[in-house]
Protein chains: 2
Amino acid sequence: MATIYDVAKKAGVGVGTVSRVLNANVHVSPQTRERVLLAIEELDYQPHAVARSLATRRTNSIGVLVPFFTRHFFIEVLRGIQDVAHRTDQGIFLYNVQKHDQKETYLARIPVERRVDGLIVITLRIRDGHAAKFQKGKLPVILVDSYHPILPSLVVDNAYGAKLATEHLLGLGHQKIAFLNGLMRYHASRARKDGFEEAYSQSGLQPDPKLVVETEFDRSGGKQGMAFLWERGARPTAIFAASDLQAIGAIEFLKTKGVRVPEDMAIVGYDDIEMAELLGLTTIRQPMYTMGAEAAERLLGGLEPPPTTEGPRVYRPELVIRESTGC
Amino acid sequence: MATIYDVAKKAGVGVGTVSRVLNANVHVSPQTRERVLLAIEELDYQPHAVARSLATRRTNSIGVLVPFFTRHFFIEVLRGIQDVAHRTDQGIFLYNVQKHDQKETYLARIPVERRVDGLIVITLRIRDGHAAKFQKGKLPVILVDSYHPILPSLVVDNAYGAKLATEHLLGLGHQKIAFLNGLMRYHASRARKDGFEEAYSQSGLQPDPKLVVETEFDRSGGKQGMAFLWERGARPTAIFAASDLQAIGAIEFLKTKGVRVPEDMAIVGYDDIEMAELLGLTTIRQPMYTMGAEAAERLLGGLEPPPTTEGPRVYRPELVIRESTGC
DNA sequence: ACTAGTTATGGAAGCGGTTCCAAATGAAGG
DNA sequence: CCTTCATTTGGAACCGCTTCCATAACTAGT
């Protein structure tokens, strides 16, 4: 592999000059530039990214910390990030966390290891200690679908989304709405519960606590949650599930009981995954791609002076009406 | 940020000694080691990844070049890669190609830029020029779901998969099987066509060329392909689609014509995406996770001496029988 | 007590770039 | 033709680590 010294020698100039040509510095005469360019061409030279990073103290890449990246949400956010990163010629370093301790090691390392210029954290909750470490290490971070008071955050208004879904069902005349929520250890679940209750109270009705259950966000969670309600004797006329997968799981269970959707049971999901459209599932759509793109945009824009923090940017989800609510 | 010099000064030793402690070199006395460790602790020191990379000429990260990474296939392969990479403490650098020229720039840069120690290319076809460049640059590459004679490759036996699917349908008594293939510019499509024809000829029958159509691998491709066949007057009793999405698209079209699956029409997809199980779609499953894991394993194992090339490793897909073929 | 052979340690050189300073060159002005 | 000032250029120093070589310190053998 040719180095910058080889190029300099071949072109009969100093290394500084070669560097200047490479970095579009104006202080180079046209003739010299030409000679250097020729040498570069002949040697098929390309600067060594790592060496350059060491000298400039910029890696030209951003890290993305995501939990299991199967989920549709992450993929879409990632797509948004990637589009922006590519446009600005930044690489993407993927930190996937599957287990809890992975998250810890990553968070401890990333700010000091300096393999990336900035970090986008998706969904994962950041503790104060880590947040402080990022600030101390001057490593710009931006949270997507997660919130921390001293870090810039991009969040979706979960309460609003839940309210939209619930209002939609109430508006259709349903009064006994089951709520298949996610586990309460997630902030999203707590917010959605608020939205659910708010919609109810605004309509002058009371939600039935016997119709609320908390499960994992996946399909089997939905199935089990629905089964649990069913065995308990609950017979709602509609369901609001905290994820499309849960909704699908619930539908599967209902099918075994001969309950038809939407004839016998209206159902609203959350996420608008690919399958939702296919199954005609009414759901809440979150601006995932947009959030990813904006996160990258803000991170890259703010790389020089670390991004300031002026409260989270809140995105509003929207209701997507399909057949599963009988419209 | 503390550097190795700070640590050395604080511990009252030379930088070499600190480095030895960090890299588990045995030539350090227990007392010194202790002192160094203490200094590291106090300064909250962590080696600078980029500087280390420059000195060792290893980046401890591998690149993954994938086309649009929405697709299930890529995600699964990526999961396999990630698991192995994490286990061996390697980072993953993501190169996502959305447009053709992106692929070109990436392929031109990656081997010389040296931001990664090795590269896994998923699905994308590599031209001879690039292959040669990788060899010249001594950058280990491994192809997944793609083949090149001078590069180690992990491929799925597409002909076999198509044969499995076709045989399944023939075995159920279907004689007029429509084949919604992918575009012939993909190697996979050509191989699947072979498998389709082989199954037919082994059963002593002839496929009807009027029942074969080539479309994009996505849902609208399937829909359009099916519509095209339908308008042409084709009335098959079964369909083999080259992707689950195409199968789903076809089903959607058939629904508009009042054709029921599986009662009026049996259908087999390809890929076994999440939705396939849900919809009860009989399909061909490819060992995606395994391929990703094995690719990473081989790449990392072979990093020192660049991987040899002894013909592609061929994986056999399997038939997953569900309701869409009426079983 | 002295030598030979280990083991431990300090620190310079090098990885491949960028950047800054000083020197050289050139242009303009008197 | 000589100054002055701006532009161009070479190259040393540096980014933060590893590695290797030379030296120091210690052990053991005679």
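Which residues of H2(A) meet H3(A), and which residues of H3(A) do they meet? Before selecting them, note that this is a predicted model, in which local features need pLDDT of at least 70, side-chain atom pairs count only at pLDDT 80 or more, and totals for chains, interfaces and linings use all residues. Residues are numbered from 1 along each chain as its sequence is written, while chains are lettered from A and ligands numbered from 1 in the order in which they are written.

**Stop 1: two helices of chain A**

Select residues 15–22 (H2) and 30–43 (H3) of chain A; their axes come within 10 Å and cross at roughly 90°. Helices (H or I, at least four residues) and strands (E, at least two) are DSSP runs, numbered from the N terminus. Axes are lines fitted to C-alpha atoms, for helices over the stretch in contact, and angles run from 0 to 180 degrees between N-to-C directions. H2(A) and H3(A) are therefore roughly perpendicular, a term covering 65 to 115 degrees.

Display Thr17(A), Val18(A) and Val21(A) of H2(A), which meet Thr32(A), Arg33(A), Val36(A) and Leu37(A) of H3(A). Contact requires C-beta atoms, placed from the backbone, to lie within 7 Å. These contact residues comprise 4 nonpolar, 2 polar and 1 charged. Here Ala, Val, Leu, Ile, Met, Phe, Trp, Tyr, Cys and Pro count as nonpolar, Asp, Glu, Lys and Arg as charged, and the others, Gly among them, as polar.

**Stop 2: DNA strand C**

Next, select DNA strand C with the 26 residues that surround it; a residue is near the strand if its C-beta atom, placed from the backbone, lies within 6 Å of it. The closest are Ile4(A), Ala51(A), Val13(B), Gly14(B) and Gly16(B). H4(A) gives the most to this surface, with 5 residues. By class, the surface has 13 nonpolar, 12 polar and 1 charged residues.

**Stop 3: the two chains together**

Phe93(A) has Phe93(B) as its bridge partner.

Finally, a rotation of 180° with 0.0 Å of shift along its axis superposes chain A on chain B (RMSD 0.1 Å). The two copies are thus related as by a two-fold rotation axis. In chain A, the C-alpha nearest that axis belongs to Phe93(A), at 2.3 Å. Superposition is by least squares on the C-alpha atoms of residues with pLDDT of at least 70 in both copies.

Methods. Angles under 35 degrees count as roughly parallel, over 145 as roughly antiparallel, 65 to 115 as roughly perpendicular and the rest as oblique. Two residues are in contact if their C-beta atoms, placed from the backbone, lie within 7 Å. Two strands pair if DSSP finds at least two bridges between them.
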